[in-house]
Structure formats: C-alpha cells, structure tokens
Amino acid sequence: MAIAAFLFAAAVAAGAQTADSREVKSILKRVADWEIANHVIDEGEHGDLAWTQAALYVGMLDWARLVEAEDGDDSYYQWMRRIGRRNSWQTGKMMYHADDIAVSQAWLAMYEKYRERNMLLPTLARTEFVLKYPSCSTLELDYSNPATLERWSWCDALFMAPPVYARMYVLTGRPEFLEFMDREYKASYSFLYDTEERLFYRDWRYFDDREANGEKVFWGRGNGWVLAGLAELLQILPPSNAYRDFYEGLFVGLALRLAELQNPDGYWHASLLDPASYPSPETSATGFIVYGLAYGVNAGLLDARTLMPVILKGWNALTDAVGPDGKLGYVQPIGADPRKVSRDMTEVYGVGAFLAAGVQLYEMLVRAEQVEE
C-alpha cells in the first residue's frame, strides 16, 4: 500500500475524515478572502501593529507564498505590502514588550522576499537597542509587575518575540541576536513549564489555581502559542545550528503531549485538562496546534502514522467552524485563561492560525497525492 493510502486509512480507522488538497486550498481562499473583505483595524488591540494582527500576518504570508508559487497571484503579498507601507514598517510603541515586536515577523519575511531596506531598518533599530540596553527586570518574571512585562513572563510571548530575534540572526549573521533569544526563552521555559504535566502555564498567577475538576489550569491557546512559536523558530534556525537541539526536543515533547489531549470532537478546548467545563469548540487553540503538528510531520520531526489521524481530525473540526461566507467562528476572545466561546466569535489571530495550519496540511496532502500517482 502506498504511504499516502496507508496514512489516510489509518486516519479513517481513528475516526477522522480524510481531506483533499483542492478542498483544503478552496477553504483557505474563502477564509483569507473573508478576512481581507471584513478586516477591521482600530487604535487598540486590533491596530495594524498589534499582536493580534501579527498572528494573522504570519498565516496570511504562508497563504500568500502558496498562492504566488502555484497561481502566480501576488495579491496577498500586495495586501501585506500596503499595510507595511502605511505604517512605515514600524513596530509597536513599547520598546521591550514582546507583543509590540510580533509584527516584525511579517516585516522581516517581507524583507527576505523583496530585499527593500526600509522593511528591515525599524526592526533592526529596535532589536539592536534591546540588546544594547536590556531590561533590568527581576528574574522572577512576576506578570503582575508591569516591569516584568519587559521580559517574556507569559507563555504567549514565546510566539511573539523569539522568531524575530532568530530571523535577525539569520539576516545579519550576528550571534548576539540568537544568544539573547536563547537566554530569554530558556528563562521563560524554566519558569513557566510544568515538568509533571509537560505543559506551559500562561503565567505565574496560575501556578496554584485549579479547574473545577481539580486539575491544574493550562490554557489551550497558550500552549498553542508556544507550539506555533516553536514551529516558526525551527523554520528559521539553520539545520546545523547548535541551538536547535533544545528547541527541537521541546517542540517534539510538547507536540506529543498536546496530541494526547485532543478531544473526541477534534478540538482542543480552552482548558486542556478540564474540557468538560469549557465544552464549546475553540478554533484558535486548535488552529495553532494543528499547525504545529502538521509542520512537525512535514519537517520529519513527528511520526506521520501516529499524528495524521490527529491532524485530520483537528482540521475537519476547524472547517466545521467556517461559515459559507468564509467567516471562522468559535475563536476564543482576547484573554489570559480559559473562557467560553460561541460560533459567532471570530478574531484575526484565529484566522492566522487557521491559514498556517491549512497551508501545512495542503503541502502534506499534495506530496501524498503525488506519491499516489
């Protein structure tokens, strides 16, 4: 039996529907186009330079790359270019806050493609300043103390900032960018990672909290942020880089742990260890986790036979949350902990996660279908 047929048979046996690459590409286009047609910006957490939009841009650029490569259509890149230009490729206002540099992931990716210096210079200036004048925050990473928000004291930050410093290392060849990233990442890991549950707390405020069922509080999207951030990081670091071993090991361990926690409906719910208290589907956590798992299989870091059923089940759950017009629903709102969610709720970061997950799955399916031929 060809490998593609074997994997799909395994997925069906595990209760997941199979997927077709053309169908995946069609729904990706529908979701991307709905977002662009309905895209809302404001001066708060949905401004052009906000972390919410940064997560959208990561997924939108994955989609832009696919569409340009296959169809010669650069319209999604041009949409990103218009956003960057109207903001002069700047970052957010707070110098040290991870959320306010997250948008640089998109700007640096655009620089790699177009090599226009103005796309790089604001991020270069920001990151050089942080390296020269690092924050003096305490090592306790007390999230309730505003000063420690200058460090990566909450798990979402591990998606927002590390890929930026890693890409700056690749673009400049200067090891100090990677040394800074590695030092700060490992400080956060040591503080927020629970070795018993093999999951990340959102921040220190949840260390002693318990869910209704007595389990520890581990936020679905929070751990999705970490897994997706690791996937981004591993796509940036060169294969022979000495820092890779730690991040590959962490990625594989977290991916396998999250795969164990998938719910029978295919989703990862807002609370990883007490899904019964938050029974609604949750597409932002699910999108980021499916993205990470699919990337891991594509990169040869995760076993396809084991994880293909999980990925397909998760993807089909995600597509169930897409309306006929392309609106993605069941996206948990902005927050720091498990919250309830409804079908009408959408957010740009959920769309970014959906697009990133779908592109990885599409590339996996295309390769499998080529083997079948």
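How many cavities of 30 Å³ or more does the structure hold? There is 1, where a cavity is a set of points, on a 1 Å grid over the protein atoms alone, at which a 1.4 Å probe fits but cannot get out.

Before I go on, this is a predicted model, in which local features need pLDDT of at least 70 and side-chain atom pairs count only at pLDDT 80 or more, while totals for chains, interfaces and linings use all residues. Residues are numbered from 1 along each chain as its sequence is written, and side-chain values use heavy atoms, with hydrogens and water left out.

The largest cavity contains about 30 Å³ of space, the volume being the space filled by probe spheres set on the points, which are joined across faces, edges and corners. Its lining, meaning residues with an atom within 4 Å of a point, includes Ala55, Phe159, Phe288, Tyr291 and Ala356. Helices α3 (51–71), α12 and α14 (348–372) each supply at least two of the lining residues; helices here are DSSP runs of H or I, at least four residues long, numbered from the N terminus.

Turning to α12 itself, this helix covers residues 283–298 and reaches 22 Å from its first C-alpha to its last, close to the 22 Å expected at 1.5 Å a residue, the expectation being 1.5 Å times one less than the number of residues. Of its 16 residues, 15 are buried, that is, under 20% relative accessible area with a 1.4 Å probe and protein chains only. After α12 comes Gly300, with a positive phi near 80°.

Finally, Asn316 sits in helix α13 (residues 304–320) and is buried, at a relative accessible area of 15%.

How values were computed
Buried means under 20% relative accessible area, exposed over 50%, partly exposed in between (1.4 Å probe, protein chains only). On a 1 Å grid over the protein atoms alone, a cavity is a set of points where a 1.4 Å probe fits but cannot get out, and a pocket is an open set with protein on both sides within 12 Å along at least five of seven lines; lining residues have an atom within 4 Å of a point.
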